[in-house]
Structure formats: structure tokens, C-alpha cells
Amino acid sequence: MGTRIRVVVAAALLATATACGNAPAPPAARPSSSVASPATPTGSPAPSAPHPRAGHELAVGDNAWVAVAVARLWQSPSAPWPVDAPALRSPVRFRAWLQAMTLDQRRALFERSDTEALLGDRVVVRELRPRWVRVVVPSQPSQKARGGYPGWIPRRQLNARVPAWTAKVATVTRRTAWLRTDDAASARTTEVSAGTRLHVLGRTGHYLRVLTPRGEVRRLLEGVAVVRAPHEAALPATRTGLRRTARSFLGLYYLWGGLSGFGLDCSGLTWLDYRLHGTRIPRDALPQSQHGRRTAPHVGDLLFYASDGLVHHVSMYVGDGLMIHAPRTGEQVQVVSFEQEPLRSEYAGARRYLP
């Protein structure tokens, strides 16, 4: 998934329903931070980032934090359609939104929204409107803007208050998991995605007690998350680990702009996999193909595909002549042969992000 030059390629994208296409971006628009690096703890401000103002009001140039399970980044405040209403709420009704869309509406998401941010992710405010905030997401290096992936988020889905910090964070490693009330009932409250990071207060029984960005105490089953220090990766950055994590998303339906356990596009699958293993890579297929190191494919390496010299798709090599990928709207994450056409004819090389 990547940038589009809409006049030239929009019709082609609709025709193929492949939401991983990339249009060339001016070199100056691609931040140098796009190279792979240890993942910045989700929600943590960069050392030079400004601090929120007194009173915890959103302000241009300041940090904010995603306060819903998954926040879509929209291309403009006018981009959402009526069918997108559940995705604009707080709390978000993400599954209701997915279930309400037709296949054609899913295919047309490239006209409206290009990526997502997870609960607790830090964003930097670039512009404020009464109901909307234009942000960049630092954890998603992008060729579209310096400082992270750009887009608009409903104001009610963000929180300006700096989240409380503890010595440990819990990172969800299951496809999705439920936050629960912090009482004897342990009732389900919010379904969150793999890759979500929340600070840990302690344990009670089989539950972790965690903090949401709005300061709510919730419970999370121990078996669905890994507890580490904030600067540590949830999972080791190994080839077998990357393959295992990628395969955990088998059968999940493709979603343009998706990078969560609710739905993934091609580069969202690779981005989320590497995030869980502590490595930050660019968000979209095109810049993913321009960083890392050129290599012959080994397990965990990224494979790229191009038409007319334009990278439009990415998969991950899983060994034995096989690759895993999120193909297109209407299909599921799947393992296929490296020789499968038309991708074999469009193969444009491999990149390695592991040391």
C-alpha cells in the first residue's frame, strides 16, 4: 500500500482491486528516518518532541495519543462516507464498520483512508479543526511527509494527556484481544489489536492490570500479551519468529490501509510483523523496497513486485519457495508459491531488514 498519483493510476487501482500500489514520490518527501531501526516504544515522545500544554489541550506541534482501539487516518475531513460512521466514533466500532461495508466500498477505501494507528500510538498534531486533527504518526515512516505518516483523525479519538508510565509494558501478540473491567466480573470492554502496547500496573490472578491512554485501568489475559521493559521488543527479531508471526495472520481478510488484527493490506502485514519484533520499517511497499539491504531471499526477507517499474506489492519469504502475503480486497492472508503468476513475472527483488 502506498502513495497514488490519482489522475494516472486511480482507474488501474480500482480495476485490479490491489491496494498495495505505490506512485513515485518526490525524493525530498521521503524522510531519512524511514530506515529500519529499533522500534520506538508506542506512545513515547521523541526526545525533541514538544510536550503537551497545561490543561491537556490539543495544540499544533504537540504530541497526542490514540485513545481508541484502532483509529483510521483519513485523507481529509470530508473523505469519510456515511458507511464509515462506526469508524469515526469513540469508542470506535471497528467490526461493525467492517461488516457494514460492501466489497466495492472496501475497494474504494483508497479514495478515503490510507493507514491506521493503534491504541496508545503517539501522533504529532499538525493542524486543528473543531472536530478533526491532522497528524503524523512517527512510528510509521512515510514518503508522504516528514516525521511520519500523515492523515486526519477525529478529534474525539485522540487524547492530549501524557499517558502514565510504568516500568513494564504489555504488547498484545494475539491477532486481537479484549481489555476487561478491573473488577471481579472482568467484563469485556474493548477489543484491541496485535501490536497494541499498554503500561502494566501489576497482576491479579490470570490477568495483567494495564493503563489505557485515558488513564483507565483495565485487565488483559496474560496469555495474549508479552511483558517487557518499554525499550525492549515484544518478540525476538529472528527469521523463524517473523515467519511464525506472519503465519498467525493467515485467513485474515485484506483491508486497504489496514495494519491491525482486524484487517491488513500487503505492507501492513509486513509492518506489523516487524513492529512486534522490535524493528521499525517504512509503512508502504514502495519505501519498504527502497530501504533495508538488497539480498537474495531468505526467511523473513521482503519480496517486492512492480509493473512498469512501479512497486505495487510486497510479500515475505517463508522458505521452501513459498511466500506469505495479503493479496487484494476480497481475499485473505495466504501462503503461495514464489512462482505464482503474475507476481513471479513482476518480481523486483528482495530486501533484508534484520541485522
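Two strands pair if DSSP finds at least two bridges between them. Helices (H or I, at least four residues) and strands (E, at least two) are DSSP runs, numbered from the N terminus. The model is predicted: local features need pLDDT of at least 70, side-chain atom pairs count only at pLDDT 80 or more, and totals for chains, interfaces and linings use all residues. Residues are numbered from 1 along each chain as its sequence is written, and side-chain values use heavy atoms, with hydrogens and water left out.

**View 1. Strand S2 pairs with S5 and with S8.** Strand S2 covers residues 63–66, and strand S5 covers residues 122–128. Three bridges link S2 and S5 in the antiparallel sense. Ala64 has Val123 in S5 as its bridge partner. S2 also pairs with S8, again antiparallel, over two bridges.

**View 2. A salt bridge joins Arg72 and Glu116.** The term means a side-chain nitrogen of Lys or Arg within 4 Å of a carboxyl oxygen of Asp or Glu. The closest N and O atoms of Arg72 and Glu116 are 2.7 Å apart. Arg72 lies in strand S3 (residues 70–74) and Glu116 in strand S4 (residues 113–118), so the pair ties together parts that are 44 residues apart in sequence. The structure holds 18 salt bridges.

**View 3. Arg89, Arg93, Arg131 and Arg156 form a positive surface patch.** Patch residues have over 30% relative accessible area and no salt bridge; like charges are joined within 9 Å, and nonpolar side chains (Val, Leu, Ile, Met, Phe, Trp, Tyr) within 5 Å. Areas come from the Shrake-Rupley method with a 1.4 Å probe; for residues, only the protein chains shown count as cover. Lys and Arg count as positive and Asp and Glu as negative, while His and the chain ends are not counted. Each charge is placed at NZ of Lys, CZ of Arg, CG of Asp or CD of Glu. Arg156 sits in the loop between strand S7 (149–154) and strand S8 (158–159).

**View 4. Seven strands make an open antiparallel sheet.** The order is S11-S10-S14-S13-S12-S9-S15. Strand S11 (188–193) and strand S15 (225–228) are the edges, each pairing on one side only. Neighbouring strands are turned by 40° against each other on average, direction ignored. Axes are lines fitted to C-alpha atoms, for helices over the stretch in contact, and angles run from 0 to 180 degrees between N-to-C directions. Inside the order, strand S9 (residues 169–172) and strand S12 (residues 197–204) run antiparallel, joined by three bridges. Ala170 has Leu198 in S12 as its bridge partner.

**View 5. Six strands make an open antiparallel sheet.** The order is S19-S24-S20-S21-S22-S23. S19 and strand S23 (334–337) are the edge strands, and each pairs on one side only. Strand S19 (residues 293–295) meets strand S24 (residues 347–352) over three antiparallel bridges. Arg294 is bridged to Arg351 in S24. Strand S20 (residues 302–307) pairs with S24 over four bridges, also antiparallel. Phe304 faces Gly349 there. Strand S22 (residues 322–325) and S23 share four antiparallel bridges, with Leu322 opposite Ser337.

View 6. Pro91 lies in the loop between S3 and helix H2 (94–100). Pro342 belongs to the loop between S23 and helix H7 (343–346).
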